[in-house]
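User: I am new to reading protein models. Please take me through this one, feature by feature.

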Amino acid sequence: MSPSAPGTSVPRSRREFLVLGGVVALGGLVAACGSSDSDGGVADGFVLAKRFPASKALVPGEVRLPLSLADQNAALLTKGPDTLRGTIRDEQGTTITEFEAPRRGTGLSVPYWSITATIPTKGLYTLAVEGAVGDPAAFMVFDPSEVTVPSPSMVLPPFDTPTLTDARGVDPVCTRTDGPCPFHDVTFSDALAGGKPVVYIIGTPAHCQFATCGPGLEFLIGASKEYADVATFVHAEVYADPAGTEVAPAVDAASLDYEPVIWITDASGTITRRIDIVWDADELAAMLASSLG
């Protein structure tokens with residue numbers, strides 16, 4: 001698969017973006033599908049690889065902006081500092097906040113740094129990291145009326161996801177290596193009607209180029225045991241065919257052009273939290289505890 005042209009952040013097809021998993025290195029560098037991770041450090045400087053959505057997904061309020069690091073040949077680094085420090089500025093150059101983000105990635109081949117900031121209004125922002133070369137990471141925050149991806153405070157629309165007894169044209173229903181995960185007993189629609197909070201994940205373990213979907217699902221399986229009586233967990237695949245050439249209906253229903261993603265709703269179906277693209281067991285556990293504990 002070819003990367004997007006230098007300076008762009010969206011690959012040339014929707015399927016390419018889904019496979020890419022939202023990883024975009026700035027400064028004209030794009031982490032191409034099939035590129036290998038670098039086992040080097042950061043002695044020669046690093047560029048920022050965005051692990052957050054480039055689509056209309058971020059709204060004012062608490063915004064999560066995970067980053068990984070790449071070398072100047074666009075290979076993702078498997079090492080990095082314990083903490084990233086930097087600044088977020090608006091389009092006028094006014095500092096919105098300064099941040100410190102610890103390295104995360106237990107159980108992942110590539111570490112990431114999850115930056116959380118409160119962004120008050122829609123607009124164009126930049127995220128600058130100490131020690132990075134090239135341009136800061138730019139991101140857009142949209143008015144809720146403009147976003148295409150269901151976001152916190154919105155009602156997550158019901159959808160009849162495939163189950164083990166009714167695949168609804170999706171084959172396989174779950175691409176997990178060790179067999180179907182335990183989140184395919186009921187449809188997402190039925191889960192919403194059950195009167196409990198719902199945790200809904202869309203991701204494809206078999207087709208996730210950067211090895212976040214498989215571990216991300218496993219982390220959720222492990223964490224779900226603590227909340228089995230509190231919430232209903234549902235998983236939907238990204239592709240409808242084994243070769244990964246046809247996007248599954250669940251992706252269209254959620255207006256996604258990236259994956260994986262987890263939504264947590266309250267008992268009414270209103271979204272309370274959403275986590276995108278990359279997470280480790282610790283960050284996921286903290287999010288579930290704050291939402292369901």
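Analyst: Start with one link. The side chains of Ser 55 and Asp 257 make a polar contact of 2.9 Å. A polar contact is a pair of N or O atoms within 3.5 Å; within protein, one must be able to donate a hydrogen and the other to accept it, and residues adjacent in sequence count only if both atoms are side-chain atoms. This is a predicted model, where local features need pLDDT of at least 70 and side-chain atom pairs count only at pLDDT 80 or more, while totals for chains, interfaces and linings use all residues. Residues are numbered from 1 along each chain as its sequence is written, and side-chain values use heavy atoms, with hydrogens and water left out.

User: Where does Ser 55 lie, and what does Ser 55 touch?

Analyst: Ser 55 sits in the loop between strand E2 (47-50) and strand E3 (61-70). Helices (H or I, at least four residues) and strands (E, at least two) are DSSP runs, numbered from the N terminus. Contact means heavy atoms within 4.5 Å. Leaving out residues up to four places away in sequence, Ser 55 touches Phe 142, Val 149, Asp 257 and Tyr 258.

User: Is Ser 55 buried or exposed?

Analyst: Buried means under 20% relative accessible area, exposed over 50%, and partly exposed in between (1.4 Å probe, protein chains only). Ser 55 has a relative accessible area of 13%, so Ser 55 is buried. For contrast, take Glu 98 in strand E5 (residues 95-104). Glu 98 counts as exposed because its relative accessibility is 64%. Glu 98 touches Gly 86 and Thr 87, not counting residues up to four places away in sequence.

User: What covers the two faces of a strand, and which residues of E11 are buried on each side?

Analyst: In a regular strand the side chains alternate between the two faces of the sheet. In E11, Val 261, Trp 263 and Thr 265 are buried on one side, and Ile 262 and Ile 264 are buried on the other. Five of the five residues of E11 are buried, so this strand is largely enclosed by the rest of the structure. E11 pairs antiparallel with E9 over four bridges, and Val 199 stands opposite Ile 264. E11 also pairs antiparallel with E12 over five bridges. The bridge partner of Val 261 in E12 is Asp 276. Five residues lie between the strands in the hairpin of E11 and E12, where Gly 269 takes a positive phi near 90°.

User: How do I find a nonpolar core?

Analyst: In soluble globular proteins, nonpolar side chains tend to be buried together. A nonpolar core is a set of buried Ala, Val, Leu, Ile, Met, Phe, Trp, Tyr and Cys residues joined through side-chain atoms within 4.5 Å. The largest one here has 46 residues; Tyr 200, Ile 202, Ile 262 and Trp 263 touch the most other members. Elements giving two or more residues to this core include strand E9 (198-202), helix H3 (213-224), strand E11 (261-265) and strand E12 (271-276). Apart from it lies another core, of 23 residues, among them Phe 52, Leu 65, Ile 88 and Val 129.

User: How do I check helix H3 for length and cover?

Analyst: The expected span of a helix is 1.5 Å times one less than its number of residues. H3 has 12 residues and should span 16 Å; its end C-alpha atoms are 16 Å apart, which agrees. H3 is mostly covered, with 10 of its 12 residues buried. The cover for its buried residues includes E9, E10, E11 and H5.

User: Which side chain makes a polar contact with that of His 184?

Analyst: The side chain of His 235 does, at 3.0 Å. His 184 counts as buried because its relative accessibility is 1%.

Terms used. Pairing = 2+ DSSP bridges.
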